[in-house]
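Biologist: I have a model open and would like to learn how to read it. Could you take me through it feature by feature?

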Amino acid sequence: MQISELYNIFRQHPVITTDSRDCPAGSIFFSLRGDSFDGNRFASKALEQGCAYAVVDRAEYAIPGDERYILTDDALSTLQKLALHHRRTLGTKIIGVTGTNGKTTTKELIATVLSEKYNVLYTQGNFNNHIGVPKTLLRLTAEHDIAVIEMGANHPGEIKTLANIAEPDYGIITNVGKAHLEGFGSFEGVVHTKGELYDFLRKKEGSTVFIHNENEHLLRIADGLQLVKYGTSDNASLVAHGQILSCAPMLRFRWRHGADKWHEVQTHLIGAYNIYNMLAAACIGLYFGVSTSQIDHALSGYIPSNNRSQLTVTPHNRLIVDTYNANPTSMDAALTNFKMMEVQPKMVILGDMRELGAASAEEHQKVVDFLKRSDIDTVWLVGEEFGKTDCTYRKFKDVDEVKKMISQSCPEGYYILVKGSNSMRLSQLPELL
């Protein structure tokens, strides 16, 4: 079956699922395969559950004569090609968002700002990979004015693949830092892979890049691109620039467009580093004609979710929860911000940073050395990598040991930063603290 033929079916059944446990009536099931699963085995169940069609790539699972089965060479590739065809058919303006840290928060802030004026589709959660991006694109309708598509990667070539599926008209790389070094090989590997978004836009006529003007790594790879700049320096070329006013503990900052009047915004975000995410959203909003008052309303009203930059007040403590992910760059930013905060007493519970490869021991020791120079009262370190570091801080093998300690003697009256890679499961701790 040609993609154009499949697209005609999709127009009649515009809901896609890859999970046989979630089969809305009339939807199309794509039988994706992975290292430990084969969606083809569940195609018949998906049809029983209410799907109108099932796309399979193993002939033995397509019942002869049953037109509800659509046999293809590769179900994933077909999903991606269908998404690209749909994206081209609608012609919706698309903003691609990637970066080592902050891309999900920035994506949500951009969508929040643009939603003040437009009907915006944006990536839900972290559906930012080779499956999530096409599924997001297939949610596009003619009613959407703009789409904000998040793109993630942990190996070279992945951003190129996602850009070729989404074909963005605009792009933003929030930053480049030390993450997934095991997959990228080096920091330069990170820069090159994130820069694949720039590479795509460089070849697309009329494309535009929004860029943090003080990030030398991004400026270095941005030659030949139409740049719209934001930052914290007082530079006449910046569309939006701003200054931090306080972090006690929520970020409060002011921003302005060129030499216009200052706008003060009290946010619901923890972390001085979030000013760059805020300014990026303001910059993009201004570019698309969102008014300054609308931008202020959006930024001040945004409330984070998914354990990112959140403050949780419990009967015992005040928690700064950032357990979604951790790498040397984001860990440094979180600890630097926590050190700046004018609150006492302070405690940190840090979990291992995963996927750092040969650099893991060095990077975990750097975190410990930073802690030794800080004024943090109590430090708990969780995981095998932190367990190897040279320090006298309290160490725990895993989150279960931490939970046992809390049950015996719960910390009281602290501001506590909880941060670690998602696989460390530190997200189980806030309800106990």
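Modeller: We start with confidence, then turn to a cavity, a pocket and a helix pair. Keep in mind that this is a predicted model.

Biologist: What is the mean pLDDT of the protein chain?

Modeller: pLDDT is the predictor's confidence in each residue. Here the chain averages 92. A value of 70 or more is reached by 97% of its residues.

Biologist: Which elements have the lowest and the highest mean pLDDT?

Modeller: Helix H7, residues 181-184, has the lowest mean, 61. Strand E6, residues 120-122, has the highest, 98.

Biologist: Which residues line the largest cavity?

Modeller: Its lining is made up of Ile270, Tyr273, Ile320, Asp322, Ala334, Asn337, Phe338 and Leu417. Strand E15 (318-322) and helix H13 (328-340) are the elements giving two or more residues to that lining. H13 gives the most, three residues. By class, the lining has six nonpolar residues, one polar and one charged.

Biologist: Now the open kind. What volume does the second largest pocket have?

Modeller: A pocket, unlike a cavity, is an open set of points. The second largest pocket has a volume of about 260 Å³.

Biologist: How many residues line the second largest pocket, and which lie nearest its centre?

Modeller: The lining has 14 residues. Nearest the centre are Val15, Ile16, Thr17, Lys135 and Arg139. Strand E1 (16-17) and helix H5 (132-137) each supply at least two lining residues. The lining of this pocket splits into six nonpolar, four polar and four charged residues.

Biologist: Last, helix packing. At what angle do the axes of helix H3 and helix H6 cross?

Modeller: The axes of H3 (residues 75-90) and H6 (residues 158-166) cross at roughly 45°. They come within 8 Å.

Biologist: Which residues make the contact?

Modeller: H3 brings Gln80, Ala83, Leu84 and Arg87. H6 brings Asn164, Ile165 and Ala166. Four residues of the contact are nonpolar, two are polar and one is charged.

How values were computed: Residues numbered from 1 in each chain as written. Predicted model: local features only at pLDDT ≥ 70, side-chain atom pairs only at ≥ 80, totals over all residues. Heavy atoms only, no water. Axes fitted to C-alpha atoms, helices over the stretch in contact; angles between N-to-C directions. Helix = DSSP H or I, 4+ residues; strand = E, 2+ residues; numbered from the N terminus. Contact = heavy atoms within 4.5 Å. Nonpolar A, V, L, I, M, F, W, Y, C, P; charged D, E, K, R; others polar. 1 Å grid on protein atoms, 1.4 Å probe; cavity = no way out; pocket = protein on both sides within 12 Å on 5 of 7 lines; lining within 4 Å. Points joined across faces, edges and corners; volume = space filled by probe spheres on them. pLDDT = per-residue confidence, 0-100.
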